[in-house]
Amino acid sequence: MYVGVDVGGTFTDAVLLDRGTVRASAKVPTKEDLLESITKAIDEILKGVDSSQIRRVVFSTTMITNLIAEKKYDRVALLLIPGPGLNYRYYNFNTEAFYLSGAIDYRGREVVPLNKGEVDAALANLALKGYKKVGVVGKFSPRNTSHEKYVAGMIKEKYPDWLVEMGSQAGGQLNFPRRAETTFLTCATRESYRYFVSSVRQALAKREIKADVFILKADGGTLPLENSEEQPVETIFSGPAASTLGVQALIPPGETAVIVDIGGTTTDLALILSGQPLLSARGARVDEQLTQVRTLAVKSVPVGGDSILERVGKEIIIYSERLGPAYCMGGPLPTPTDALRVMGLTLLGDQDQAREAMNILGNPIGMNSVEVAERAIGLVVDSIAAEIGKMFLEWEQEPAYRVWEVLQKKKVRPTIVVGVGGGAAGFITRIAAKVGCAPIIPPYAPVANAIGAAVAKPTMQVSLRADTEQGYYIIQEEGYQGKIESKLFNEQKALELAREWLIRRAARYGLKVTPDDIEVTRKEVFNMIRDWTTTGRLFDITVQTPRGIVFHIGEEGGQK
Amino acid sequence: MKKFRCKQTGLIFFPAFDWAISPTHPEREERLLYTRDQIFEEGIIDLPQIAEYTPTLASIHDIARVHFCIPQVENQITEAHLIAAGAAIVLAEQIVEGHIENGFALVRPPGHHAMRVVHGNRGFCSINSEAIMVEYLRRRHGIKKVAVIDTDVHHGDGTQDIFWHDPDVLFISFHQDGRTIFPGTGFSDELGGPQAFGRTINIPLPPGITDESVLYVVENLILPILKDFKPDFIVNSAGQDNHYTDPLGSMRVSAHGYARLTEKLKPDLAVLEGGYAIETALPYVNLAILLALAGMDYSSVREPDYRPERFKETPERAAQVRRSVEKILGCWQMRDQTPLDPKRIDGKYYHTKKDVFYDTDYIEENQLEKLRLCDDCAGHLVIDTRANHGCGKVNHALCLSIPFNACSRCVTEAYDLYEETRSSGRYNFVYLQDKSTDTFFGYDEGLRREWRTEG
């Protein structure tokens, strides 16, 4: 049996899955004391179940997202080595940054050495300012980690109690500002994340659950709980990933669908293209800054059931703010939820209050409550439908760098619109009609997020970069730099090497991977030609364990 | 530093990582690899000043508006060419529609050596992306006057050939002296056809010149000419092979030099042309140009080995450049008073003989070009072209081109000539490019088949 637990800001949801069916589900308010909420949710779903039957427990949490949003983390200084290029004043980090000289180029060659005296002075300055957490990030550091390692080494020597993170490990892809932001967040959230992990451990220990425990990542994969402490930011935005995977499990395989999660203040849109959730081309955006965290493409539209409705002249308009619950639930102003209540599309709140809310808007312009409600629902539907159109357009217009990528760009349109979240029931049919799709509100929609967590698969990737001219290779995720001894190093060998490292890394994380399971998600091979002869090859290879979900709900045979 | 223009700079980055002329050719997959690394690592695409676009394919019709591809467009191109030309079109359209301030098509393959008639690939080019984009803008967006400034180290002979007779397109190219480099043309007496005299300007420069002289040419020659000409749209054919590390060129221009050039020129759209120092120049020059277009500080973009003191202009070279600038400026000022060469006039036509060599594909072409001298329009053009591909393969074609604002007489005469030539059987191929109605015809004598495309 599989357990999924989604620890959200307001509710903690849990489900128990057994052979492709939902055996039990629970929804309890999230309290300050996480341990209490988690234990309560687990107790509800495990009533009368032998805990030794549980094979796996997966958690998803908005804890890190909320910490960052509320800026509840320790101060972190960034020590950056930007080298020549774009003037670093254009970068805009959410924390104080200090700059060091030194430079590495795109091939990982040292162009400007570090200045030891300058590093000393910078560290003394940080100490003076009271920083104890430092992110060290260099431009092109994933291509040569020596500068970062040197500075980190100096910190460990002089200030052994400081927490240091290196950019090359926190964010190994090309993009210096995103790497710096990712490193900063890793540094900032690590300790608070430990609190979450220990709460989870205690809750499970109390109930004597000895199953494997995983945590959901933003890209819809999972990590063993233990190892997730290395990269806490990976868990950011796992909330939307959870509901997307949940829907993936609740709809037939292979569908192209839009998921519309209508909440109180915002509506989250996600795409499933031919059965696979769409990954964002860019990294997760946190507090206005892009990071290198791989994430599902989720678009937040500032419209929800509690958005404010107002009359301006003869028009009814909708604002993105929320000033409390709907009027029919004791709130201050008319909202789309009131409109739904008037039309009988929801049973929340008080019918008379809702009608009164509509009349406040409609009376001065001679519209009755039903007309106003109709108009208000139309506004929500129109804005969400427009965003769905835009989302597909954006996906089509993502840059392509190869001829075949440009040629294979096709127009794909969804066939179904899936509604989840509190406001879905009232709006989804109209939204689907507007975008020409069939509407679906799957059973268990209110706990789709916990189902998504339960069915998520462990994923892991390894990126290898090899430069045969310079005779070295790098495993980005491990921060490992090794020598290429053989003159016969070729594509085959590079792939084998990447697979070996993936299997090794997976083993460290307690995951068993066989070579046949491994997918190659990126393979770039460039011949380096100098003066008309081949002087070497560059390989950029990323391998990963397959993405996907363990099973679909209601699938024949279900779980293995 | 958070202040920026309200409109963004558009970027299309299309490195064609799966396209090469041949595995070891300078125009190969690897060419923009390090540029990609640099631009991605800097996080340029995340900046609010930059908007990245994705290219679409130019249509066969868009190409037929410019080129006579023999036998047909499809025979001379690959998808990569359509994407490179399409990228220029996408950005140009965004610019004239006012969505972006300016743009940089950082694309391969290049195009500025591709002439009006295309028998094969020359100078790494098959079709001319800038010309295709310019004609697209004129046809679809009513843009009237365009200036193309070619800053590649090689003479932009393809673009020159295409706009030679066009009074509404100003073509200016500065480049390394043709006596020392491919394609061996671009001398200061190449000034344009009889109806567009002075609308082609060539500034051959002695090998070894530095930023200083290039900027001198821009400030003292190109900018004053642009001021007189008043173009609606400025294109920069931004070759990067004037760089001091380029393996093909012998100039000594730096990334900063390119940035300052861009800043002064203020092109609406820059399109990448040549530049083959793929590690030592391209990552820096491309970044510098992009930042200059976006009005951003490029002062910290510099090549690792750049030492400004090693790049001082010699007084001799500086003086030589000053002299030729003065001379060429004189030609520009006299552009409307220069009489036609009477020896070239035969009845209503003005004749030019040309030999073109296709270095990549090893084809020799002889052309006899006749321009209909007309008082009411730019006149139609008749090109008799014979291309020797070696091994006894010779393609003989007649190409007729009717300009955008052709008078009815020039249109009728050209159509009559097309019909007449088709039935004569004297040519393997006959083409009629009618820009006035955006209709293009082709005829294959061997297959006895005609085709046409319409906009």
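Reader: Which residue stands opposite Tyr473 of chain A in β25(A)?
Author: This is a predicted model, and in it A:Tyr473 stands opposite A:Gly482 in β25(A).

Reader: How many bridges join β24(A) and β25(A), and in which sense do the strands pair?
Author: β24(A) and strand β25, which covers residues 480–483 of chain A, are paired in the antiparallel sense, and the pairing runs over 4 bridges.

Reader: What about the turn in that hairpin, and which residue there has a positive phi?
Author: The hairpin formed by β24(A) and β25(A) has 4 residues between its strands, and in the turn A:Gly479 has a positive phi of about 60 degrees.

Reader: And β23(A), how does that strand pair with β24(A)?
Author: Strand β23 (residues 461–467) of chain A pairs with strand β24 (residues 472–475) of chain A, again through 4 bridges and in the antiparallel sense. Within this pairing, A:Leu464 has A:Ile475 in β24(A) as its bridge partner. The hairpin of β23(A) and β24(A) has 4 residues between the strands, and A:Gly471 takes a positive phi near 70 degrees there.

Reader: Switching to chain B, what are the bounds of its domains?
Author: The domain assignment of chain B places domain 1 at 8–333 and domain 2 at 342–454. Taken over C-alpha atoms, the centres of domain 1 of chain B and domain 2 of chain B are separated by 28 Å.

Reader: How many residues of each are in contact?
Author: The contact involves 26 residues of domain 1 of chain B and 30 residues of domain 2 of chain B. On the side of domain 1 of chain B that touches domain 2 of chain B, α2 (60–64) and α5 (129–141) of chain B each supply at least two residues, and α2(B) gives the most, with 3 residues. By class, that side of domain 1 of chain B has 12 nonpolar, 9 polar and 5 charged residues.

Reader: Now the contact between the chains: how many residues does it take from chain B and from chain A?
Author: That contact takes 40 residues from chain B, while chain A gives 32 residues.

Reader: Which elements give two or more residues to the side of chain B that touches chain A?
Author: Those elements are β1 (8–14), α1 (33–42), α4 (79–96) and α9 (282–293) of chain B. The largest share of the side of chain B that touches chain A comes from α1(B), which provides 7 residues.

Reader: And how do the residues on that side of chain B divide by class?
Author: On the side of chain B that touches chain A, 22 residues are nonpolar, 6 are polar and 12 are charged.

Note on methods: Residues are numbered from 1 along each chain as its sequence is written. Chains are lettered from A and ligands numbered from 1 in the order in which they are written. This is a predicted model: local features need pLDDT of at least 70, side-chain atom pairs count only at pLDDT 80 or more; totals for chains, interfaces and linings use all residues. Two strands pair if DSSP finds at least two bridges between them. Domain bounds come from an automatic or database domain assignment. Two residues are in contact if their C-beta atoms, placed from the backbone, lie within 7 Å. Ala, Val, Leu, Ile, Met, Phe, Trp, Tyr, Cys and Pro count as nonpolar, Asp, Glu, Lys and Arg as charged, and the others, Gly among them, as polar.
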